[in-house]
Amino acid sequence: MKTYYGKSVFNGIAIGKTSIYQKGEQQVKRVKVEDAGSEKKRYYAATQQAIEELQLLYEKAVKEVGEANAAIFEIHQMMIQDDDYKESVENIIDSQQVNAEYAVAATGDNFSKMFAAMDDEYMRGRAADVKDISERLLNVLSGRHKDGMGTEEPVIILADDLAPSETVQMNKDMVLSFVTVHGSVNSHTAILARTMGIPALISTDIKLDDTVDGKLAIVDGSKGVIYIEPDKETMAVMQEKQKKEQEQKELLQMLKGKPDITLDGKEIKLYANIGNSKDLATVIQNDAGGIGLFRSEFLYLEKDDYPTEEEQFAVYKTVAETMAGKQVIIRTLDIGADKQCGYFQIGEEDNPAMGYRAIRICLDRPEIFKTQLRALFRASAYGNIAIMYPMITSVWEVKKIKEIVQEVKKELEEQNIAFGSPSQGIMIETPAAVMTSQELAKEVEFFSIGTNDLTQYTLAVDRQNAKLDSFYDAHHPAVLSMIRMVIENAHKEGIWAGICGELGADLDLTQEFLAMGIDELSVSPGRILPIRKIILETNVGELKR
Ligand code: PEP
Ligand code: MG
């Protein structure tokens, strides 16, 4: 048995086989070959297999998201068989006497650059498709899978680090736990693990090689330990611990269906955070009162091109309908910083966390923003949707958003397209927003405090930097005073205030937040019932005294 230690980002026990995650982007080596003919044969066979994969994906997508949305897989099948593409690969293999992988990668690169340089917007959009089909061919040639796992059974994922765009593409049913060598406790991958409610470790002192790959292992999330090939004794102890945790969870099940009201009658909106419509099952299982943060940017991250209005509309409508009248707060896209999305072409920045991100991109590129707003307003005719804008620092930004919203509504009206009237709020996640919260409160219907970023910007600590994890103190008095101030200013102007950052799920602070007068807590689904327990046992009036 080998034991490795990391920092825990979510507790629980996972028992299963490990699988080292392979990065999506491949480093392709240029290898001289003797027999160009057999390289071409490998390429033809890979093309055939990729077409079959795409056909299966097409059929799956038709069932899940309808023909119109599935069409992309048909287009990819055509592109992969395109004569120009094929000739280019053959020519590189023949003329340079190199391996099929190199020829495919070089062709993919050349063709996507060529598309990206075109004037026509539609053709520019094809650049990402060429990359995608080339990546698929490379995966087939090297025997890897796009989700990075290549597995038929749920596994413990071992990785050097994981970007949000990588985690979001994984088949969640196949993940028992995440264990990474790098990463920070406050990263979005850590947040995702919490949303999924699975044990996860980061900064783990494990070397990713054959001695740990594919082995039976146990992750103990509460202790921050992974045991590879555990001995009998450890297995027995861990199985017992897993059983106890299960019993604990079952006890909490009794709280399902109970309203979130304190002993002295204050009703709290106890909502869940999600990143995807696939998370809805856990939201419902945990009996959340609504959704307090739908990180819509994950819709953008899981794609190679901007999601269309129709694609977004379909997702928002599904979420609203599934929640059946309960509030669903959808945050407009918060791309940038650690959530990088190639096709946005944000470019290198010295300081991405303080850079071109979130509402700044939306105000700078209103065509992207408007597409999302149209989808949101249309979907809000089908349920209780609210819209929330991230990374606000100034009143003028909110005024500008309102102007754009007016334009969107006018266009929809003129086109005779039905839409609802979602309530609109902002995230408070910059010190500037805190200090001007009374002014901001006059402009919107609610506040949701993003403590993850608020802590980062208040303490000047990059939330992505693992070296600073011990300085990233969300309990810092400055952060807590800011939360108090925001709640007070919201109430002065008659609007509600909640917390949707990770601090909202901190059970040690639930009572403190209740005493401050918090109206809403939005947390990972697995935290709903433990917080409900505290709410039901708390007398806010007494606490204040
Ligand atoms: C936050 O900053 O607290 C927040 C909820 O947003 P995100 O973690 O997605 O930046
Ligand atoms: Mg944030």
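This is a predicted model: local features need pLDDT of at least 70, side-chain atom pairs count only at pLDDT 80 or more; totals for chains, interfaces and linings use all residues.
Helix H13 spans residues 366–379. Its 14 residues reach 19 Å from the first C-alpha to the last. That is close to the 20 Å expected at 1.5 Å a residue. Eleven of the 14 residues are buried, so H13 is largely enclosed by the rest of the structure. The buried set includes the hydrophobic residues Ile-368, Phe-369, Leu-373, Leu-376 and Phe-377. Elsewhere, Arg-30 lies over the face of Tyr-102, at 5.2 Å from the ring centre.

Strand E15 covers residues 496–499 and is covered on both faces. Trp-496 and Gly-498 are buried on one side. Ala-497 and Ile-499 are buried on the other. E15 pairs with two strands, E14 and E16. Strand E14, residues 446–449, runs parallel to E15, and four bridges join the two. Here Phe-446 stands opposite Trp-496 of E15. Strand E16, residues 520–523, also pairs with E15 in the parallel sense, over two bridges. In this pairing Ile-499 stands opposite Leu-521 of E16. Helix H19, residues 510–516, belongs with E15 and E16 to a β-α-β unit. The unit is right-handed.

In one pair, the ring centres of Phe-294 and Tyr-316 lie 6.1 Å apart, with the planes at 80°, so the arrangement is edge-to-face. This pair links distant parts of the chain, as its members are 22 residues apart. Phe-294 lies in strand E10, residues 290–295. Tyr-316 lies in helix H11, residues 309–322. Both Phe-294 and Tyr-316 are buried. Ring pairs also build a cluster from Tyr-300, Tyr-306, Tyr-343 and Phe-344.

Terms used. Residues are numbered from 1 along each chain as its sequence is written. Chains are lettered from A and ligands numbered from 1 in the order in which they are written. Side-chain values use heavy atoms; hydrogens and water are left out. The expected span of a helix is 1.5 Å times one less than its number of residues. Buried means under 20% relative accessible area, exposed over 50%, partly exposed in between (1.4 Å probe, protein chains only). Two strands pair if DSSP finds at least two bridges between them. A crossover is right-handed if, with the strands pointing away from the viewer, the path from the first strand over the helix to the second runs clockwise. Rings of Phe, Tyr and Trp (its six-membered ring) pair if their centres lie within 6.5 Å; planes under 30 degrees apart count as stacked, over 60 as edge-to-face and the rest as tilted. A charge sits over a ring if NZ of Lys or CZ of Arg is within 6 Å of the ring centre and within 35 degrees of the ring normal.
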